[in-house]
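Let's take a friendly walk through this model, from its aromatic rings to its sheets. Keep the viewer open as you read.

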Amino acid sequence: MGRITTGDPSPDALMPSVGRSGWKEILRLGAMILLAQALFWGLFYVPWGNKPSSRNVDRIAFTNAELAELDAPTMAVADTARYSKVNLPHTDCCDPSYLSLRLNFTLNTVPAEGLGLVAFQQVDNFIYRVNGSVIHKKGRMQKGDQTFHGQQFYLLHVPSGMLKVGDNQLNIITVRDGFPYSDLIEPLLGDYNQVRDATAMRFWQAIDYRLLGGALTFVLGLFALIMVFRSQDKLFAAWLLVLCWSWTAYAAYGLYFDLPFGGIGRMVAFFSLTTLVSISLICFLDSWTRRPMIAGQYALVGCWLVFSLASIFALNRMPMPTGFDLMDSAWMWFSLAAGVLVLLRLVWHFATSREDRYVEAALLSICAVCLALDGIGTKFGLLAGGYFMDSAAILILAFVIAFLQRNFHLFQSAMALNNLLETRLKSREAELAEAYIRERELIDRQARSEERRRLMRDMHDGVGGQLVGLLLEVRRGAVDNNRMAEGLQVAMDEIRLMIDSVDASVTTLETMLGVFENRVRPRVEGAGLAFEWNAEPSTSIDLPPDHILQLFRIMQEAVTNAMKHSRAKRISVCVTTTPDDCLSISISDDGAGLSAENRSRIDSGGHGLGNMRTRASAIGGQIEWHDASPGTRVQLSVPLSHSQPIAA
């Protein structure tokens, strides 16, 4: 899977220039961004229609707010501590501390369904008690080993059995270690059904939606990881991977509260993760434009590393709250600058390139605005660090819309193309079938023609030569009945051999050897010579018919020469296969051997020896004559590398 969007930029798109058309592109982009922002903020944060809100809750007021610092986060210590009056909201700074906040509220009647209480304080963890009974306690409360469940909203149900008519007391015990400030606010208390309905959307946004967004970005990151190895645009895929998984880590940061490090480590993780998401969004957008500024991306990565190291130094080495305030201000400006930079990069790209991906750009602008609001939100009374997290699903939506918008017509085109290719494939298959038939007919004609030429050569060289020789001897009167019978027998053998060569049933080596033995043994033994035959069953080799015919002729010529010229009493034929995958045929006699005269005849090719060499060379073999003392041995070796053995 490659880049989500398709197509290559035109050469003109690679030349940045802002002209009249560029301003039109910017105006179109601005209109699309405004529309996307209106839809996002209108539908997600300010839902249209009559929706429940905290203003519709009949809130129960709290009175007599008192605060005490505790030595231990226990109910017994909280009950015996010395309290002093405070006004809410109240901020405590700066050393690690345990605090206990007591609030009183009055009930004229006890609701049958009890009360709903929204529990949230800007502390690491807390315990909520009503009239001395615990209604909420999660995780650990020991400084340095505390969990961070206090970073999440909780809707608590205060059952009617814990309430009484008249004065009631709410007690909140808190722990803070690392983050320098404890921000204590007045909880939302009222009718349970009213509180539940009024806060349902906010709880869904803060918990379920962020969990869904983190899961979706993790899955998209898996696809991006595949793209890193499969896509041609690896830079685009790599930044998409970093963006998605840093976003997933940010979601896990806000939803997982039992971290393996303390409050300082949690603050370092917050600054590092949020700035990593910021720079990965910028670099991802830069790669999305198809004209990435590589030097700028390296510079942003360097800024992130410097910022992360600076946060580690400031939070661990500088006194509190100075170190935190310094990094908080730096993070605010960093997030604001990143959001502005994303918008500027979008505008510059559309002003200098031919671009039509307005939907993706507008949706990415939502991420940029959320990023900027996370940085400056506290200046306007907004919750810092939450808006960008809420735009996680928007990135998913951006790519889903981009994919559908860019590729739906490609799906239709692909179907039409598949149909066209299928039609052409069938037509091509028919053409290939016809061509195959024509080629087979041509090969058959060529094979028949070659077979005719071979038969003519064999008749001319074999039967013809024998008959012409006999004819000349008859005319000279130098032939007797025995010589005539021998010549005619040789001619008949040649004719049988040609018949065997066109017989499909006599095309294997094993069959040829059987025919050879049956034809030659009577002739040899009839001439008064002993005939020894040794052919192993493993010599059944798949050889071409023309090779088998050449072997037959070589063996026939060797036996004939031994009968005529060796003055032998015994002729032996041995056929074996060698370890180096060769067929070995040995024809030997116990005759006079290779005299100087015979050696010269071999060298000059007499007695048909030249034909034997030619036939052996034609099938890739080698033939040699050796003095066997006594007698002569003809050794023929034919490689079988081109052939495959078959079962004997």
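## About the model

This is a predicted model, in which local features need pLDDT of at least 70 and side-chain atom pairs count only at pLDDT 80 or more, while totals for chains, interfaces and linings use all residues. Residues are numbered from 1 along each chain as its sequence is written, and side-chain values use heavy atoms, leaving out hydrogens and water.

## Aromatic pairs

You will find 22 aromatic pairs in the structure. Rings of Phe, Tyr and Trp (its six-membered ring) pair if their centres lie within 6.5 Å; planes under 30 degrees apart are stacked, over 60 edge-to-face, and the rest tilted. Phe153 and Phe203 make an edge-to-face pair, because their ring centres are 6.2 Å apart and their planes stand at 80 degrees. Phe153 sits in the loop between strand E7 (133-137) and strand E8 (154-158), and Phe203 in helix H3 (residues 192-230), so this pair ties together parts that are 50 residues apart in sequence. Helices (H or I, at least four residues) and strands (E, at least two) are DSSP runs, numbered from the N terminus. Phe153 is partly exposed at 24% relative accessibility, whereas Phe203 is buried at 15%.

Trp204 has a ring partner too: with Tyr209 it forms a tilted pair, 5.3 Å centre to centre and with 45 degrees between the planes. Tyr209 is buried, with a relative accessible area of 6%. Elsewhere, ring pairs link Phe179, Tyr181, Tyr250, Tyr253, Phe270, Phe271, Phe307, Phe324, Trp331 and Phe334 into a cluster.

## Charges over rings

Tyr253, one of the cluster residues, also has the charged end of Arg266 over its ring, 4.1 Å from the centre. Here, a charge sits over a ring if NZ of Lys or CZ of Arg is within 6 Å of the ring centre and within 35 degrees of the ring normal. Arg102 does likewise with Tyr83, its charged end lying 3.7 Å from the ring centre.

## The sheet around Glu66

Tyr83 and Arg102 both touch Glu66, as do Ser84, Lys85, Val86, Ser100 and Leu101, not counting residues up to four places away in sequence; contact means heavy atoms within 4.5 Å. Glu66 belongs to strand E1 and is buried at 16% relative accessibility. Its opposite number in E2 is Lys85.

E1 (residues 63-70) and E2 pair in the antiparallel sense over two bridges; two strands pair if DSSP finds at least two bridges between them. They belong to an open, antiparallel sheet of six strands, ordered E2-E1-E4-E9-E6-E7. Strand E2 (84-85) and E7 are its edges, each pairing on one side only.

## The mixed sheet and its helices

An open sheet of five strands runs in the order E12-E13-E14-E16-E15, with mixed pairing. Its edge strands are E12 (530-535) and E15 (622-627). Strand E13 (residues 570-578) and strand E14 (residues 582-589) run antiparallel and are joined by eight bridges, and Ser572 stands opposite Ser588 in E14.

Helix H13 (residues 545-565) lies across E12, E13, E14, E15 and strand E16 (632-639), at about 15 degrees to E14. Helix H15 (residues 609-618) lies across E15 and E16, at about 135 degrees to E15. Axes are lines fitted to C-alpha atoms, for helices over the stretch in contact, and angles run from 0 to 180 degrees between N-to-C directions.

How values were computed: Buried < 20%, exposed > 50% of the residue type's maximum accessible area, 1.4 Å probe, protein only.
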